[in-house]
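Me: I have a structure open and would like to go through it with you. Could we begin with how the copies are arranged?

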4 protein chains.
Amino acid sequence: MELGLIGLGKMGGNMAERLRLGGHKVVGFDFNKEATAKLTAAGSVGVNSLEDLVKNMQSPRAIWIMVPAGDPVDETIAKLKPMMQKGDIFIDGGNSNYKDSIRRHDELKKEGFEFIDVGTSGGVWGLKEGYSMMVGGDEDVVEKIRPVLETLAPAPDKGWGRTGPAGAGHFVKMVHNGIEYGMMQAFAEGFAIFEAKKELNLNNAQIAEIWQYGSVVRSWLLDLTAAALKANPELKGIAPYVPDSGEGRWTVFEAIDLNVSAPVITESLIRRIRSREQDNLTDRMLSVMRNAFGGHAMKTE
Amino acid sequence: MELGLIGLGKMGGNMAERLRLGGHKVVGFDFNKEATAKLTAAGSVGVNSLEDLVKNMQSPRAIWIMVPAGDPVDETIAKLKPMMQKGDIFIDGGNSNYKDSIRRHDELKKEGFEFIDVGTSGGVWGLKEGYSMMVGGDEDVVEKIRPVLETLAPAPDKGWGRTGPAGAGHFVKMVHNGIEYGMMQAFAEGFAIFEAKKELNLNNAQIAEIWQYGSVVRSWLLDLTAAALKANPELKGIAPYVPDSGEGRWTVFEAIDLNVSAPVITESLIRRIRSREQDNLTDRMLSVMRNAFGGHAMKTE
Amino acid sequence: MELGLIGLGKMGGNMAERLRLGGHKVVGFDFNKEATAKLTAAGSVGVNSLEDLVKNMQSPRAIWIMVPAGDPVDETIAKLKPMMQKGDIFIDGGNSNYKDSIRRHDELKKEGFEFIDVGTSGGVWGLKEGYSMMVGGDEDVVEKIRPVLETLAPAPDKGWGRTGPAGAGHFVKMVHNGIEYGMMQAFAEGFAIFEAKKELNLNNAQIAEIWQYGSVVRSWLLDLTAAALKANPELKGIAPYVPDSGEGRWTVFEAIDLNVSAPVITESLIRRIRSREQDNLTDRMLSVMRNAFGGHAMKTE
Amino acid sequence: MELGLIGLGKMGGNMAERLRLGGHKVVGFDFNKEATAKLTAAGSVGVNSLEDLVKNMQSPRAIWIMVPAGDPVDETIAKLKPMMQKGDIFIDGGNSNYKDSIRRHDELKKEGFEFIDVGTSGGVWGLKEGYSMMVGGDEDVVEKIRPVLETLAPAPDKGWGRTGPAGAGHFVKMVHNGIEYGMMQAFAEGFAIFEAKKELNLNNAQIAEIWQYGSVVRSWLLDLTAAALKANPELKGIAPYVPDSGEGRWTVFEAIDLNVSAPVITESLIRRIRSREQDNLTDRMLSVMRNAFGGHAMKTE
């Protein structure tokens, strides 16, 4: 089928290519002219404006938006709407907050448009291995874009599904990332323990490779970790600095709002925040307190 | 090669069968006569005493011990030793504490015996998929039992390795289980959030299945979870009660001893402990304190 | 000075009495007629409507609102505004979210009114011991209500202060409660450890009493705990069920928003949430997973 | 009464002085000649060897040992024993592990000596304010040293007590310190949140001072913190580096051994460990993993 695609970056560019290989017609736009040119060169239709994107598509259109969460999504929709027709479908495939997705769905519905939220996992590996997609929205609308989803997925009937009404796609993807934080942290702690156990002279790269087969912890994350450790066994040059991109903290907020205790996902987030703290007041306070009551020496700067 | 195997339970029984299928001669013993008989019926050599086990084997013997960690391992070794000869190999394939393994290795070495510690992962699935094995001990001794390890492993060159000197096998397996606790807890928290989000009416079994393909969290644990949720979507009849078998808490102790901060593995353990607490004093204390300073109502029993 | 007081419950009623004893004229209103009557009986002016409250006061009025956080505050202000005059002062002494307080301040300021947010701590003991008050708002307006603050405080120059602009009062009170959660949880865990150490036959009530003098953990919370344990050493009849009233979770949200790692305050909140979870899915999932990979027995319900 | 005192450092020196002021005869020894001389100068009996200490005392002797936990305690007892007589009392007032105290009590008892373990809290403030003492050991022996305990305590009948049999003193002190870790961490996190809330321009020193009167968090730790913040509002020159002295981690181990969930005390310890980690592998692993699956940029060193 025909799909408009806005945002041809790391994720969007690969998705366009997987769709083209799957026989779909992709009309793609990016503010980065190079990305658009690359799309055209690969055999899809790269266009230089949202206007051209809309013009190059037949109604009912389905336009997949792959831009940073937040205002960019609203702005893109606002620009597109006046050019589009009733029944056209907006698909948000980025990492939007599910509350925004519910709002966008409801607003667009009132104006005669359709909206689908797709939580998309798979990262830079999706072109080759397919994307895991959690889809939220009206059932009949999801059916309309089924051909696209079946191609993007690892297999037509695997790795994707409509998880519920509007918002359910991004909600499930949000928690997916929360779980991902927890798994990553568990692995990282384990390897840190190995590194610290000097007298056994363990080899993290070897251990990761052993675990890839037959162990309880075998997983895609471990496969990637094993490859990364093979390439750089001591992680030389990598700073101990870990960003978080939103879904983790939203998962924590949501768990608290829902009165679900989620200590591990929460600690994983806290630990990432900790990795970015400079000149830590908490620890300096503790040092001062110890000195105040016990006369313990303080390390100075 | 010929291998003695003591303990023919869930793990040991399956290992014997995988070894037999791989062309090895297994001489097996279990206090449970039924398990021994089953071994014989399957085509291996089931014996009814440790004496018979030793007698039925040629020196240098390799005897794989698959009994509960702690005293049973020491007792088994103590009983066997007088019947065995210098150069015979003891293999502890259970979940022993690595400190015990180092001690046993050193003690046995002094008496002319060999000792290998094998952390064995794979659970009830090992017969079919092979076992992940982390092996600690002297390099030349590990080489002597290589044929057995290559058969038990998922593939001769995959899923196993000598991770270091005596103790290194059980140490790595211990941390493996700590990581496993963290991964399990992360998944469980995620699904609990889904269940609590009533208005989206999410389906845990469906979500687990979607994630099996293409997602970042795809893993063997998720495969098993998806199957379990398919069979019992609401986990009916299952009590919220989670034992821990030792390695998790040892990992926590070790992390603290090594001064490695491991909040997620630690929280996973704490959460399991919490699941078994009855009539919780901590929470009753909090309720009383709130009442004491703020006059807040206390829920009574 | 003259002060209007709306909300004569546990906190408000005691504050009125402390103010009266300090020589102030309190005009008080509560939907509960009994509370109003009690105020009158005590020698203050109890009124039966907001209209009467406003009428019974001289402009510039200062009206202290002591109602539940959220809509009740906005509704009370909305009802009062049409009856009040430019320069009149609204004081929110409840546990409002500081973001609401900033909004209210800014909105009221535009309409010519003044707004002060007062985080009030001290619970049911405030009448006797005075209230700790963290005050946010414009400096000149805080000065106008200084007589009231000096009386409510433990001493005119102790236990209160303007901590900053609008919102700063409730912000500081919010974090105060977060810290309180952490302290309470630390104590409760300690006493739970004592209870579990059966062989030493420790006595929580005695220990709490010992610590009241000379120990590092001596504190008002400990004093209250010691009294509570003396009255009910085994906490008989108290359910392990711990509500949280908002400020704790707001503190956690704020810490994350500010990228400050606050594991202990966060864990204290999570633990309270955990105390209220029934039929815990997380733990049931863990039990099922253990069974799935290791064949471990599951406890059934 | 007469008391031998070994170890005249920060704690021991002050205790000697408080005892002297209370009318007791202190015979004190320290390897540091200066400390001994200071004791003599103050009016007590400073001696230059353990032999002299024993010789200068009448049997039944009571000797209070105030040396670092672990081997130094055993070594001191071993050196003293041959010079002492049946019925003489050893008192361990340091931060020994309670398991060692039970062992020492039982060993000494068999040899005809007495042993008392005293968990001593109060730090550098004890001279002035008295020490909180948690006493473990045989009831009749505790009675024999009662005069000393009544003088060291904040008041003869306050701040001390026999909490149980041998080990109970150090056990209660151990958990006391665990609670202390949690309280300290809760305060430190709160002040870190204030510092991060730039737009409210909060003043930690002022807030600490306000809270000293009437708030729920008022406590001795807060008093000390307020004084420290007044002296150094920005904690200039203090490194974010927090040692832990043993009791905290023992409390965590004990909680796990007893199957008591204690997340806050545990997190407080983990956070201290974290403050001392250099070149953190955990966080570098997380960064590498994010890059591996999502192509996210890594911060480099």
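Reply: Chain B is superposed on chain D by a rotation of 180° with 0.0 Å of shift along its axis, at an RMSD of 0.0 Å. The superposition is by least squares on the C-alpha atoms of residues with pLDDT of at least 70 in both copies. The two copies are thus related as by a two-fold rotation axis.

Me: Which C-alpha of chain B is nearest the axis?
Reply: That of B:Phe253, which is 3.5 Å from the axis. The same surface serves both copies, since 100% of the contact residues of chain B recur in chain D. Contact means heavy atoms within 4.5 Å.

Me: What should I know about the model and the numbering?
Reply: This is a predicted model, in which local features need pLDDT of at least 70 and side-chain atom pairs count only at pLDDT 80 or more, while totals for chains, interfaces and linings use all residues; side-chain values use heavy atoms, with hydrogens and water left out. Residues are numbered from 1 along each chain as its sequence is written, and chains are lettered from A and ligands numbered from 1 in the order in which they are written.

Me: How many helices and strands does chain A have?
Reply: Chain A has 14 helices and eight strands. These are DSSP runs numbered from the N terminus, with helices (H or I) of at least four residues and strands (E) of at least two. The C-alpha atoms of chain A fill a box of roughly 75 × 40 × 35 Å along the principal axes.

Me: What share of chain A is buried?
Reply: Of its 301 residues, 62% are buried. Buried means under 20% relative accessible area, exposed over 50%, and partly exposed in between, with a 1.4 Å probe and protein chains only. Among contacts in chain A between residues at least 6 apart in sequence, 64% join residues at least 24 apart.

Me: Is A:Ala168 buried or exposed?
Reply: A:Ala168 is buried, at a relative accessible area of 0%. A:Ala168 belongs to helix H9 (residues 168-196) of chain A. Leaving aside residues up to four places away in sequence, A:Ala168 touches A:Asp117, A:Gly136, A:Thr163, B:Leu200 and B:Leu202.

Me: Turning to helices, how do H12(A) and H13(A) cross?
Reply: Their axes come within 9 Å and cross at roughly 135°. The axes are lines fitted to C-alpha atoms, for helices over the stretch in contact, and angles run from 0 to 180 degrees between N-to-C directions. H12(A) and H13(A) are therefore oblique to each other; angles under 35 degrees count as roughly parallel, over 145 as roughly antiparallel, 65 to 115 as roughly perpendicular and the rest as oblique.

Me: Which residues make that contact?
Reply: H12(A) contributes A:Gly248, A:Arg249, A:Thr251 and A:Val252, and H13(A) contributes A:Ile265, A:Thr266, A:Leu269, A:Ile273 and A:Arg276.

Me: What lies in the loop between those two helices?
Reply: A:Asn259 lies there, between helix H12 (247-257) and helix H13 (263-276) of chain A. Its phi is near 60°, a positive value in a residue other than glycine. A:Asn259 counts as partly exposed, at 31% relative accessibility.

Me: And what about C:Asn259?
Reply: C:Asn259 also has a phi near 60°, and C:Asn259 is partly exposed at 32%.

Me: Where are there cis peptide bonds?
Reply: One joins B:Ser59 and B:Pro60, with omega about 0°. Another runs from C:Ser59 to C:Pro60, with omega near -5°. B:Pro60 lies in the loop between helix H3 (50-55) and strand E4 (62-65) of chain B.
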